[in-house]
Number of protein chains: 2
Amino acid sequence: MSPASAPGADTAEVIRRSALKLFAHEGYEATSMREIAAAVGIQAGSLYNHFSSKEEILWDLTRGALLDLREHIDTALARLPADTSASAKLSSFIDAHVRFHALNSERARIVNQQMSGLNRTHYREIVGLRRTFEEQLAGILDDGVREGSFSLVDSRLSVYAILQMCIAVSNWFRKGGGLSVDEVATTYVALAHRMVIGSPAPVRRRRSGGTS
Amino acid sequence: MSPASAPGADTAEVIRRSALKLFAHEGYEATSMREIAAAVGIQAGSLYNHFSSKEEILWDLTRGALLDLREHIDTALARLPADTSASAKLSSFIDAHVRFHALNSERARIVNQQMSGLNRTHYREIVGLRRTFEEQLAGILDDGVREGSFSLVDSRLSVYAILQMCIAVSNWFRKGGGLSVDEVATTYVALAHRMVIGSPAPVRRRRSGGTS
DNA sequence: CGGACAAACTAACGCTTGTTAGTATCACGG
DNA sequence: CCGTGATACTAACAAGCGTTAGTTTGTCCG
């Protein structure tokens, strides 16, 4: 109806929200610019007044989600006193990670599953951003080992396992789905602690059967 | 060159292998029938001598991978004596799960990330198949609790966390990438045991800040 | 009132998509 | 040696893709 700007509408933001939902539920490649435009309530060509390409929309969403996650985690850790134990730092880190992935599951799913839609430059930048979380967690685990409060099965694999466990929350968590964010975060904090604290768990090995 | 059947070639199998690689690395929607055909060495139209649609190729690969995983796990569990402890059953289950996801990472990634390319019927069937693994693991954990050897933080969330931790191995594991399958499987078995065995881990809670 | 700007519109571009129809080529059984 | 069946080929289809150009509309400033 209104071919000019509707005040306060902020079309770019509406585009972001619409594309986010479509990308998260249908996938980036399976979503067309015309679908996004229809969800916004404009024509496909008008999208190019706000984003220079389809890839730029994905890039904007992906990067924004990761930067938000980083900020979310860094402020959580920054709230801790300087002499905080590794154990408490781990709790904060896991809590923040799980909360974010539960409450921003669509954005997280884009980061984790639609990265292949990005061009090489943007892809690499996302991979780099994600690596900072691995390094952050690895640092906390190292601290704990040095303190004597953690005993790891394997440092690199513990990082992978813990991080992926948290990230995967975005795959199944639904608001109002019977589980509160608090419950999930509390449980995952406890699980992560169990994974790094060295009560000598009975590690049993099957007879292995083949490849290296 | 040879417009008729090349003996022993088994074109359908070559299609499966080519499509698997393309789907896993580029994504289902981003892969065209012409790309698959080129990888096989035939024309796009010829694919329809072996599969009735693009979706059927995805369906074939997805279903095949899940059925193989099920068989893999069931034979591992079937090898155990009838009176096996829950702890040993957990070890076998995790070991089999991790091995499969490490050694079949492309197939696993299709199952986990390209499901949205399936039609509704096939999608539901895949979800159903996946649920059987959750139930299997939940059963093992329940047994352990009943035996007194496991003490869970939360039964449902433990299942999710453990399973997703194993599944995620397919996201990063590369054959010949410095880590052997045996190492990874051993470590993950140990981690899973830690997650379910009730050395009272120090569970700390942050002050929560908002949504339910 | 008038000119500038932002943001919407319409219409089309060149290409690619999954899929189909019709045809040609080979191996093999009778 | 011929007929059958499987499998490949070529060519085309309608539809949809991301993107662009040119135009219209509305708002705001001077």
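Predicted model: local features only at pLDDT ≥ 70, side-chain atom pairs only at ≥ 80, totals over all residues.

Me: Into which domains is chain A divided?

Reply: Domain bounds come from an automatic or database domain assignment. Here chain A splits into domain 1 (3-49) and domain 2 (62-196). Their C-alpha centres lie 30 Å apart.

Me: How many residues of domain 1 of chain A are in contact with domain 2 of chain A?

Reply: Contact means heavy atoms within 4.5 Å. By that rule, 8 residues of domain 1 of chain A are in contact with 6 residues of domain 2 of chain A.

Me: And how much area do domain 1 of chain A and domain 2 of chain A bury between them?

Reply: Buried area is the accessible area (1.4 Å probe) that two parts lose on being put together, summed over both. For these two domains of chain A that's about 650 Å², with 58% of it on carbon and sulfur atoms. On the domain 1 side, A:Leu20, A:Ala24 and A:Tyr28 lose the most area to domain 2, together 62% of what that side buries.

Me: What is the salt bridge count between the two domains of chain A?

Reply: A salt bridge is a side-chain nitrogen of Lys or Arg within 4 Å of a carboxyl oxygen of Asp or Glu. The count here is 1. A:Glu106 forms a salt bridge with A:Lys21, and the closest N and O atoms are 3.3 Å apart.

Me: Is A:Glu106 buried or exposed?

Reply: Buried means under 20% relative accessible area, exposed over 50%, partly exposed in between (1.4 Å probe, protein chains only). A:Glu106 has a relative accessible area of 17%, so A:Glu106 is buried. Leaving aside neighbours within four places in sequence, A:Glu106 is in contact with A:Leu20, A:Lys21, A:Ala24 and A:His25.

Me: Which residues does A:His122 touch, not counting residues up to four places away in sequence?

Reply: Those are A:Glu55 and A:Trp59. A:His122 is buried too, because its relative accessible area is 17%.

Key:
Residues numbered from 1 in each chain as written. Chains lettered and ligands numbered in written order. Heavy atoms only, no water.
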